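Please look at the structure below before reading on.

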Amino acid sequence: MSDCLFCKIIDGEIPSTKVYEDEFVFAFRDINPQMPTHILVVPKEHIASVAELDSDNSVYAAKCLEAVAKIAKQEGLENGYRVVSNVGEDAGQTVHHLHFHILGGAKMADKMS
Ligand code: 5GP
Ligand code: ZN
């Protein structure tokens, strides 16, 4: 998608701090970190959100989550972390390209919202 921020980051048109890349997945540090470690894991296919996943494209979600596990080890998050994917307006999704936030590096609030 030509006007998608994360497609531009994947293409290198917009710079980012890359932490991981493979055939299916690109991962980079969030520009506005909410935790000591805050990484975004995105598929190299433009999928708007979890709501757009189906049996034709779900391999991208699986590959993103495999990457989450690798990146968490790479980043030393052995004490735990949170994986979040915001969908739509009520969840405050601002970039409409599927992404999984990895949040970690400190104790988080018990509540999720
Ligand atoms: P959302 O709110 O859609 O779940 O998450 C979007 C995330 O993208 C936010 O945490 C925001 O800080 C991050 N973000 C927005 N623009 C950029 C950018 O240009 N570069 C990077 N690295 N992160 C961005
Ligand atoms: Zn995109």
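## Sheet

An open sheet is built from 5 strands in the order β1-β2-β3-β5-β4, with antiparallel pairing. β1 (18-21) and β4 (81-84) are at the edges with a single partner strand each, so one side of each lacks a neighbour in the sheet. Strands are DSSP runs of E with at least two residues, helices runs of H or I with at least four, both numbered from the N terminus; two strands pair if DSSP finds at least two bridges between them.

Strands β2 (residues 25-29) and β3 (residues 37-43) are joined in the antiparallel sense over 5 bridges. Within this pair, Ala27 stands opposite Val41 in β3.

The model is predicted: local features need pLDDT of at least 70 and side-chain atom pairs pLDDT 80 or more, while totals for chains, interfaces and linings use all residues. Residues are numbered from 1 along each chain as its sequence is written, chains are lettered from A and ligands numbered from 1 in the order written, and side-chain values use heavy atoms, without hydrogens and water.

## Salt bridges

A salt bridge is a side-chain nitrogen of Lys or Arg within 4 Å of a carboxyl oxygen of Asp or Glu. The count by this rule is 3. Glu21 meets Lys18 at 2.7 Å, N to O, and Lys44 at 2.8 Å. Glu21 lies in strand β1 and Lys44 in the loop between β3 and α2, so this pair ties together parts 23 residues apart in sequence.

Glu75 and Arg29 meet at 2.9 Å, N to O. Glu75 is in the loop between α2 and β4 and Arg29 in strand β2, so the pair connects parts 46 residues apart in sequence.
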